[in-house]
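Work through the exercises below with the sequence and the model at hand. Each task is followed by a solution in steps.

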Amino acid sequence: MSTPQLSERESKALAIATHTNLVRKPNNTWIVPSQSGAKTYTVNPDPESPFCDCPDFEFRRARCKHIYAVEIVLKREIVTVGQTQTVTETLTVKQKYTQDWPSYNKAQQNEKAHFIEFLHQLCSGIEEPIQTKGRPRLPLADIIFAATYKTYTMVSARRFASDLRDALAKGYISKLPSYNSIFDYFQMESLTPYLRQLIAASATPLKSIETEFAVDSSGFSTTNYVRWFSVKYGGTEDWHDWVKMHLMCGVKTHVVTSVEISRATKHDSPFYKPLLQQTAKAGFNMQEISADKGYISMKNLQTTIDHGAVPFIPFKSNTQPDRGTDVWSKMFHFYNFKREEFLAHYHKRSNVESVFQMIKSKFGEKLRSKNETAQVNEALTKVLAHNLCVVIQSLYELNITPEFWSEAA
Ligand SMILES: [Zn+2]
């Protein structure tokens with residue numbers, strides 16, 4: 001099986017096509033910003049003899065990144081115009097993007113080194129609370145660094161101890177936490193808002209790339225065996241305790257832009273609005289949001305529209321076409337009478353499933369912490385670790401230079 005590979009020019013083109021606005025002129029030429037954004041070039045994407053007035057094209061007389069960028073945008077246009085073509089064309093672009101093997105391998109090889117560097121950068125943005133009475137404790141930055149690093153490495157405590165000593169020697173932490181106390185730190189309630197802040201900050205380097213988002217939830221099992229349950233209701237021998245993670249992600253890079261953790265029994269729909277609000281607050285420009293039919297409600301549709309995005313949420317079969325609001329009947333008709341067009345957008349939702357798969361396969365689908373606060377914090381470090389890996393991948397594929405705090409909301 002052959003795997004399509006992106007040349008360096010093609011991946012730069014993808015960055016241009018995702019970052020910037022390409023403008024089509026009436027004569028079918030295009031104005032394309034240079035990758036730095038400092039200049040523009042004129043491109044004629046004629047398939048027989050494409051032309052660009054940049055130095056690269058002048059020198060090589062072969063497709064440059066600006067021509068590739070226009071071709072990517074043209075492919076996307078088919079997406080909005082076509083009907084049956086839509087899905088396949090989107091997938092072509094998408095597949096090329098995810099199968100950028102050289103960049104992928106490079107990113108993998110250097111992942112750990114980047115990971116600790118970026119994690120340190122993020123943690124150094126933490127404003128330490130003023131130390132009150134009692135014996136001096138570890139700085140929060142060190143605690144969060146150690147806890148997230150532990151989640152990332154997934155190694156035994158003993159092996160992790162040497163990783164930590166290494167991090168201390170390199171100046172990534174200021175003090176050495178005792179390695180068997182890492183899980184005790186997860187019990188600190190004060191950690192939660194900081195972890196959430198760091199997750200938001202870790203996503204900001206991808207702000208200019210992500211405009212389409214997806215929402216979903218998934219369960220993480222805990223080691224708590226709920227004995228009282230089988231006692232009370234009888235018979236359910238292997239009933240484990242579960243924690244539910246609700247998240248919103250960007251569909252291009254799989255970065256998590258907002259997250260909520262709840263008990264497993266909570267319904268999904270009420271989490272849609274806070275997830276969307278946090279993503280907006282982080283400065284993302286939302287154009288479309290897809291979620292499964294469990295999220296359909298007037299409130300969720302309206303919230304999406306209020307934020308300037310289009311909701312792609314399927315209606316349930318027993319839904320009334322008219323519930324007295326414009327947005328409801330508009331989306332209902334779109335869903336029922338332009339089904340293919342609807343599905344072309346809605347299929348992007350599957351990306352959020354990929355995100356859960358990535359998080360669970362890389363950082364484990366079990367939570368080792370025993371109490372609720374610790375489980376929330378442990379789950380959040382999985383998301384933070386995931387985001388850092390996404391940023392590292394983008395560093396290679398999209399030439400992103402991460403500056404976490406410069407634009408953080
Ligand atoms: Zn060019």
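**Exercise 1. Aromatic pairs**

Task: Decide whether F213 and F284 are buried or exposed, then classify how their rings are arranged.

Solution. Both F213 and F284 are buried, where buried means under 20% relative accessible area, exposed over 50%, and partly exposed in between (1.4 Å probe, protein chains only). Next, take the rings. Rings of Phe, Tyr and Trp (its six-membered ring) pair if their centres lie within 6.5 Å; planes under 30 degrees apart count as stacked, over 60 as edge-to-face and the rest as tilted. The ring centres of F213 and F284 are 5.7 Å apart and the planes stand at 85°, so this pair is edge-to-face. The pair joins distant parts of the chain: F213 belongs to strand β5 (residues 212-225), while F284 sits in the loop between α12 (272-281) and β8 (288-291), 71 residues apart. Helices (H or I, at least four residues) and strands (E, at least two) are DSSP runs, numbered from the N terminus.

Y335 and F342 are both buried. These two rings also belong to a cluster, in which ring pairs link F312, F315, W328, F332, F334, Y335, F342 and Y346. In total the structure holds 17 aromatic pairs.

**A note on the model**

This is a predicted model, in which local features need pLDDT of at least 70 and side-chain atom pairs count only at pLDDT 80 or more, while totals for chains, interfaces and linings use all residues. Residues are numbered from 1 along each chain as its sequence is written, and side-chain values use heavy atoms, with hydrogens and water left out.

**Exercise 2. Salt bridges**

Task: Find which residue pairs with E8, with D163 and with E372, and say where each pair lies in the chain.

Solution. Start from the rule: a salt bridge is a side-chain nitrogen of Lys or Arg within 4 Å of a carboxyl oxygen of Asp or Glu. By this rule there are 14 salt bridges.

1. E8 bridges to K12, with the closest N and O atoms 3.2 Å apart. Both residues lie in helix α1 (residues 8-19), 4 residues apart, about one turn of the helix. An α-helix has 3.6 residues a turn, so residues three or four places apart point the same way. E8 is exposed because its relative accessibility is 58%, whereas K12 is partly exposed at 23%.

2. D163 bridges to K112, the closest N and O atoms being 3.4 Å apart. Here distant parts of the chain are linked, D163 being in helix α8 (residues 157-169) and K112 in helix α6 (residues 111-123), 51 residues apart. D163 has a relative accessibility of 15% and so counts as buried; K112, at 37%, is partly exposed.

3. E372 bridges to R263, with 2.7 Å between the closest N and O atoms. E372 lies in helix α17 (residues 372-397) and R263 in strand β7 (residues 256-263), so the pair ties together parts that are 109 residues apart in sequence. E372 is partly exposed at 43%, and R263 is exposed at 52%.

Salt bridges with shared partners also join D216, D292, R349 and E353 into one network.

**Exercise 3. Surroundings of S103**

Task: Which residues is S103 in contact with, leaving aside its neighbours within four places in sequence?

Solution. S103 lies in helix α5 (residues 101-109) and is buried, at 11% relative accessibility. Contact means heavy atoms within 4.5 Å. With those neighbours set aside, S103 touches Q393, Y396 and E397. The C-alpha atoms of S103 and L6 are 8.9 Å apart, although the two residues are 97 residues apart along the chain.
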